[in-house]
Amino acid sequence: MPFIESEPTLHEYVKQLPKAELHLHLEGSVEAQTIQEIHPELTLHEIQTAMRFSGFAGFLKAYVWVSQRLTTAAAYRIALRRLLESLVSQNVLAVEITLSVGVILWKGQALEAIFEALCQECEAHPAIRVRWIFDAIRQFGAGQAAAVFERAAAYRQAGVVAIGIGGDEERGPAIWFADLYRRAQDAGLCLTAHAGETAGPESVWQAIQIGAQRIGHGIRAVEDVKLMAYLREHQIALEVCPSSNVATAAVRTLEEHPLRRLWEAGVPIVLGTDDPALFATSLCKEYALAAELFNFSREELSRLAANSFRFSFDRLSRELGQHVLPAAGE
Ligand code: ADE
Ligand code: ZN
């Protein structure tokens, strides 16, 4: 019998593509089963009920609920273990994990013990390169953010590559954080910011004004032709997370999602999952969605994968991308 090589299915193709994940919150990655592993006294039903939500405010509440279940350094470590196992199984070779340090400090926990436990866990997963983004909560204000960013600077040698702001962009404008962003950059940190997710293009302009080099979501840039041109010219990538945007009601339906329009306008894009456990998704699912719903060809999927390395804040991850996806990155 001659050996006939058949075309891989979409799912096989997506899985074998080497990928990096740049928009992923550790707290939002914790599956109900993992919470039960940490808290055996909780039933799966109780956990799933608390993790169900509607709308952006409901999402933030669920996110805080999960974060509050991460009560110890050991709990954070288990959460990371399960996340890295999942990423490795999807052929994700590099990840920048956002850690909600703003929430950790708000909970009154010692960041030192948590981060040490996380770094130890990383050593058990040599198949994936892990870097960190320390994230502050916009609506908590600049005072709280200063404490987060100071820690980011202190942990640069331990793998923190950037800072970010998340939470509610309506209740915490980027401009509040302008001085802190300047200081973080002077300390050698890269800058990202959630913006243009629930607020309009002006919020993305503000994030750019304070120096953001990538934008979390940024999908409402589609409403502003000049902004899309700016992002393209300055190679500021949007970290686009389609399933997240539907789950939080940032867009009404997947069909209305602007992914394809942003791509056609030449805006640099990387796909991410944001909070995969809360949005019932995975990085492979987001790539498959891009193909199935937005008609991305395999060559375009491969360019998305190349972008995921190219826009990494970590030099070694960028080099890894050139090594594993040499043609697509051009
Ligand atoms: N924190 C975690 N996920 C977020 C999102 N989608 N928007 C704002 N803050 C977040
Ligand atoms: Zn996010």
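A residue is called buried under 20% relative accessible area, exposed over 50%, and partly exposed in between (1.4 Å probe, protein chains only). By that rule, His-23 and His-194 are both buried. This is a predicted model, in which local features need pLDDT of at least 70, side-chain atom pairs count only at pLDDT 80 or more, and totals for chains, interfaces and linings use all residues. Residues are numbered from 1 along each chain as its sequence is written, and side-chain values use heavy atoms, without hydrogens and water.

Now the metal. His-23 (NE2), His-25 (NE2), His-194 (NE2) and Asp-274 (OD) coordinate the zinc ion (ligand 2) at 2.1 Å. Donors are N, O and S atoms within 2.8 Å of the metal (3.2 Å for Na, K and Ca); water is not among the atoms, so sites may look incomplete. Along the chain, the donor spacing is H-x1-H-x168-H-x79-D. His-23 sits in strand 1 (residues 19–25) and His-194 in strand 5 (residues 190–195), so this pair ties together parts 171 residues apart in sequence. Strands (E, at least two residues) and helices (H or I, at least four) are DSSP runs, numbered from the N terminus.

Two strands pair if DSSP finds at least two bridges between them. Strand 6 (residues 214–217) and strand 7 (residues 237–240) pair in the parallel sense over 3 bridges. Gly-216 has Glu-239 in strand 7 as its bridge partner.

Definitions and conventions. Chains lettered and ligands numbered in written order.
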